[in-house]
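Thank you all for coming; I would like to take a few minutes to go through one model with you.

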Amino acid sequence: MDHNALLARIDVPAALDLLSRMVQHKSYSKSEGEKQLASFMAGRMREIGLESELTPFGDEGRVNAVGRWRGSGGGKSLMFNGHLDTNPVTEGWTVDPWAGKVDDAFIYGIGVSNMKAGDAAYFCAVKTLIDAGIKLRGDVILTYVVGELQGGVGTYSLVEQGLRADYFINSEPTDLKAMTMHAAAFMFIIELTGNTRHLSKREEAVDAITAGCDLIPRLNAMKFSGALSPEHEGINRVHVGVVHGALGRELHEWRAPQVADFVRIKGSGRYAPGQTEAGALADMRRELDALEARFPGLKTKIMSEDRSGVPTMPPFEVARTSPIVAAINRAYRTVRGEDQPTGPVAPSCFYGTDAGHLHYFGKMEGIVCGPGGRYNTMPDERVDIVDFVDMIRIYMLAILEICG
């Protein structure tokens with residue numbers, strides 16, 4: 001069948017209806033709604049003829065949904081990966097975040113960009129090919145995971161259970177750009193201990209808040225040592241998100257006229273493939289040593305935040321010459337008539353994604369490419385309908401090229 005005729009078979013109203021129904025599931029991490037949406041997707045995969053199962057993990061009754069469209073043999077296998085859990089609804093919405101509203105340009109809802117539109121797009125790509133009678137040589141595996149917002153516990157469990165494919169596509173929102181590299185994420189805590197005095201004698205004090213104000217912009221401007229290239233260094237980033245300063249480790253606020261002697265800072269960092277968390281923390285330690293020199297008497301401490309067993313998302317990288325990158329690039333050009341932006345595309349390169357687990361622990365080649373991003377994780381979160389439909393088309397062509 002001609003590719004144009006095949007792509008024209010996409011049932012756009014049905015695709016939007018599926019995505020709307022997915023949005024209507026309140027699938028917060030570790031909630032019953034998350035499990036219900038996994039069951040919903042497992043059922044939909046069975047309806048279109050895929051082998052489908054709910055794979056349990058952990059001791060809390062959590063499940064991932066996995067479907068397999070078996071090929072006839074002799075072709076490469078392709079895994080699609082996306083998460084079902086969403087961020088919480090925040091203030092400022094002007095539409096119902098759970099309605100899955102569709103208008104002429106957008107589909108709206110919490111999690112529609114991050115990342116239910118990507119989830120729905122690869123389901124609809126497979127359904128369209130099956131409905132058209134397409135037969136493949138290689139397998140297509142659809143994974144719908146839970147707990148991505150907790151460090152990717154769902155995908156990590158699938159990798160531990162041995163699920164593999166020759167290639168993967170992670171459908172996190174990149175506005176249809178081909179992301180070939182992203183950073184690893186880590187959390188840190190810094191403590192600054194000064195020396196208090198009454199404000200009448202502040203010249204004798206070591207003011208922890210003043211030191212913190214000196215430190216924070218330096219942290220936010222940091223790059224880490226050992227980057228493999230300027231491109232790798234370009235995805236280094238540090239950002240401070242929490243600052244508390246007052247008296248003592250208990251941060252007493254009721255004695256305001258004294259100079260604060262304690263500050264606790266929390267933040268997040270990003271480092272590239274080839275760099276390490278230990279190396280990043282060592283670079284930050286050197287910045288703290290310089291701070292101590294500027295503020296004699298100040299004592300500083302840095303540590304990784306205890307994540308209580310939640311896995312840290314590793315960095316991700318794939319060669320631009322990889323067959324999966326080439327397949328997505330060619331599909332994009334066919335659909336949009338122009339070259340696809342490819343590389344450590346910003347701002348997506350600062351994400352943590354499950355591609356890190358699939359690449360680092362699963363030893364698979366893959367790419368991150370999905371619809372949404374421009375209106376990601378914000379009030380009235382939404383996805384352009386044209387991007388959603390074009391993503392279905394791109395996934396269809398990539399499946400045909402990779403799986404034969």
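Where does Pro-347 lie? Pro-347 is in the loop between β14 (342-343) and α10 (355-360), where helices (H or I, at least four residues) and strands (E, at least two) are DSSP runs numbered from the N terminus. This is a predicted model, in which local features need pLDDT of at least 70 and side-chain atom pairs count only at pLDDT 80 or more, while totals for chains, interfaces and linings use all residues. Residues are numbered from 1 along each chain as its sequence is written, and side-chain values use heavy atoms, with hydrogens and water left out.

Staying with the backbone, a cis peptide bond with omega of about 0° joins Ala-346 to Pro-347. Another cis peptide bond, again with omega of about 0°, joins Asn-114 and Met-115, and Met-115 is found in helix α4 (residues 112-131). Leu-251, in the loop between β10 (237-246) and β11, has a positive phi, near 55°, and it counts as buried because its relative accessibility is 15% (buried means under 20% relative accessible area, exposed over 50%, partly exposed in between, with a 1.4 Å probe and protein chains only).

On a 1 Å grid over the protein atoms alone, a cavity is a set of points where a 1.4 Å probe fits but cannot get out, whereas a pocket is an open set with protein on both sides within 12 Å along at least five of seven lines, and lining residues have an atom within 4 Å of a point.

The largest pocket has 20 lining residues, of which Glu-148, Ala-185, Arg-270, Met-313 and Gly-352 lie nearest its centre. Strand β9 gives the most to this lining, with three residues.

The largest cavity, for its part, is lined by Met-79, Asn-81, Thr-143, Thr-155, Leu-158, Val-159, Leu-163 and Leu-358. The elements giving two or more residues to that lining are β3 (78-83) and α5 (153-160), and the largest share, three residues, comes from α5.
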